[in-house]
Amino acid sequence: MSAGLGRLRLTGPLAGALVLILASPGALGPWLLAAKGAPAVSVSPSGPPAATDLQEGLQRFHPIVSGGGLVAAQDARAAAVGATILRQGGNAVDAAVATCFALAVTLPQAGNLGGGGFLVLWLPHSEAKHPLAPAVPIGRGQAVALNFRETAPLAVRPELFLQADGSVDRAKATRSLLSTGVPGTVAGLTLAQARYGRLPLKDVMAPAIQLAERGFPVGVELAASLTAAAPLLKADPNSRRLFFKSGGLPYRPGEILRQGDLARSLRRIAEQGAPGFYGGPVARALEGLMAKRGGLIRSADLAAYRARWQAPLQGRFRGYQVVTMPPPSGGGITLLQLLNVLEPLKLEATGANSASTIHRLVEAMNLAYRDRNRLLGDPDQVAMPLEQLQSSAYADLQRSRLDLNRHRPAAQLEADPTALGGGSNTTHVSVADRQGGLVAVTTTLNGAYGNGISVPGAGFLLNNELDDFSLKPGSANGYGLVQGAVNAIEPGRRPLSSMTPTLVFRPSGEPLLATGSPGGSRIITTVLQVLLNRLVFGLNLASSVASPRIHSQLWPDQISLEEGISPDSRRLLAAMGHKLVSVPAMGSANSVEVVPRKSSAAGPRAGSATALTGGSLGVADPRRRDAAAVPE
């Protein structure tokens, strides 16, 4: 390839959507210039030229740039589907819904029809033609949240999950049809699209149907995932048939996976909307499976299910407006609590991922998770002190409890009374459109491939979300969270969740970014660290997502650390009394950012894209091999 700009084009479903850009120094011009207003690079006369002379960025990672909209998702084909919908004239909601239905095909371990989730959106007033009561005005548009979390079947009883000695039967809680909540994904996605989308539903769903019908080459990550999940999936005859070749052989990378049953289910939804899932052949197949194999869901559960519009939670952090999901997400309120406690601390002085900063984050996390576990549940059935949890007075109280020099053990914190009365196989999609519209949507089956059981003839896996309830108060769930009676299982109740789809707005009210992540109980801390990296430590969006992560949740009493935290920091943390555990990569914080049309717009610098005016930036979390950010 000659010097200058060259392109390596991809074939298949991504043709025209993804381009790998190879360039010699100087080929990309202003896209890689140092941030406007950044400190000048000082060099000696005999030293190398300044970074701006080489047109190098000041950060090692750079987001994908789009002159229009952009989709970031955990699977490249699904992200390309969303970008195609944007090019066809769809808005951020159309693209997000199309991407989620495509993920049900290409990411069966997390994308789904048989699970649930949360969505937070912001659209300009011109796009939101029919404002809803829960919507809140922000800048030149409005934001609203959609709750399509699964519900407990009407026949559920807590004792169904207990063994003779009173302990929780983990197999029943995670690997049986008893663990399945009434699915909400289809109700939520179709409701959002009908209310706020531009395009017909059949056009939005057409790419997902095509992927299921014609098939797609299995990638390295999916092939490895299916192989790892073989004991779970092969235990169910329907899942064995759907996800393995004849004789139970695994799919190898590059081999075509076709899902005809799923294509037929998707087509019914495209033609009929939610009734194509909650009634008719799909509903009968689901109910028949439940009746035959001891599950709880019946036609009355399916007929009664409704996704709910909610007013999003709002908070302020250093002038930025943070908009996130209310309960039954425990993620949004916990994120806002953490931001309130951390805001006055001079984290930029101690530095990203220093021992001092990590210690402060961990101690704040443990206090916030204690409140999450004790106080939060389904707002339709329990009262929660949300205003007090968000108040500055409570943040001051929590901050006063931080010991900045020594770790407070979990048992000590647990013994303190609360001052108030009262996954990792989820997937996250972030979308920006050319009007600045933003959508953050997180969906889940709970565990990888849910409970591993597929609906005969319908082609989709079922969730094991009932394990997110406190099946026995004081007992840990599958993510190690020890929760209280406020999240106890009850008929019709929605379990508490950690999913945290989040939008951030500039002080002017203009949209800035959308983010979120899978990861079970680690979702909240993943989103927190992305926001701190972007808003406090001055990293661009790509660096904010790629930076090493830590996590703590009170119990177990430890800090989980990804690779990349220095040995010096580890030694200092251990000296403060922390137990340190090295863990695999956490989360997949696929994120997008809206580039202001005027360079004077208030907000953090976009890093490598500050020369652009308008459009969007995106980043797929590098922790997931098949993830991608695809421009319109």
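Hi everyone. Let me start with one definition: a residue is called buried when its relative accessible area is under 20%. With that cut-off, tyrosine 305 counts as buried, because its relative accessibility is 5%. One thing to keep in mind as we go is that this is a predicted model.

Let's stay with the aromatic rings for a moment. How many aromatic pairs does a search of the whole structure find? The search turns up 6. Take phenylalanine 277 and tyrosine 278: their ring centres are 4.9 Å apart and their planes stand at 70°, so this pair is edge-to-face. Both phenylalanine 277 and tyrosine 278 are buried. For tyrosine 278 the relative accessible area is 13%, so that residue falls below the 20% cut-off.

Tyrosine 278 has another partner, and here we come back to tyrosine 305. Those two rings are stacked, with 5.9 Å from centre to centre and 5° between the planes. This pair joins distant parts of the chain, since the two tyrosines are 27 residues apart. Where do they sit? Tyrosine 278 is in helix α10, residues 275–278, while tyrosine 305 is in the loop between α12 (299–304) and β10 (308–310). If you step back, ring pairs tie Phe277, Tyr278, Tyr305 and Phe460 together into a cluster.

Here is another ring to look at, this time with a lysine. Lysine 234 lies over the face of phenylalanine 244, 5.0 Å from the centre of the ring.

Now for some helices. Please find α2, residues 92–106, and α5, residues 201–214: their axes come within 8 Å of each other and cross at roughly 15°. With that angle, α2 is roughly parallel to α5, because angles under 35 degrees count that way. The crossing of α2 and α5 is right-handed. Which residues meet there? From α2 we have Asp94, Val97, Ala98, Phe101, Ala102, Val105 and Thr106, and from α5 their counterparts are Val204, Met205, Ala208, Leu211 and Ala212.

My last stop is histidine 359, which you will find in helix α15, residues 355–375. Is histidine 359 buried or exposed? Its relative accessibility is 0%, so histidine 359 counts as buried. And what does histidine 359 touch, leaving aside residues up to four places away in sequence? Its contacts include a run of neighbours in Asp403, Leu404, Asn405, Arg406 and His407. Histidine 359 also touches Leu573, Met576 and His578.

Definitions and conventions:
Residues numbered from 1 in each chain as written. Predicted model: local features only at pLDDT ≥ 70, side-chain atom pairs only at ≥ 80, totals over all residues. Heavy atoms only, no water. Phe/Tyr/Trp six-rings, centres within 6.5 Å; stacked < 30°, edge-to-face > 60°. Buried < 20%, exposed > 50% of the residue type's maximum accessible area, 1.4 Å probe, protein only. Helix = DSSP H or I, 4+ residues; strand = E, 2+ residues; numbered from the N terminus. Lys NZ or Arg CZ within 6 Å of the ring centre and 35° of its normal. Axes fitted to C-alpha atoms, helices over the stretch in contact; angles between N-to-C directions. Parallel < 35°, antiparallel > 145°, perpendicular 65-115°, else oblique. Left-handed = near helix turned anticlockwise from the far one by under 90°. Contact = heavy atoms within 4.5 Å.
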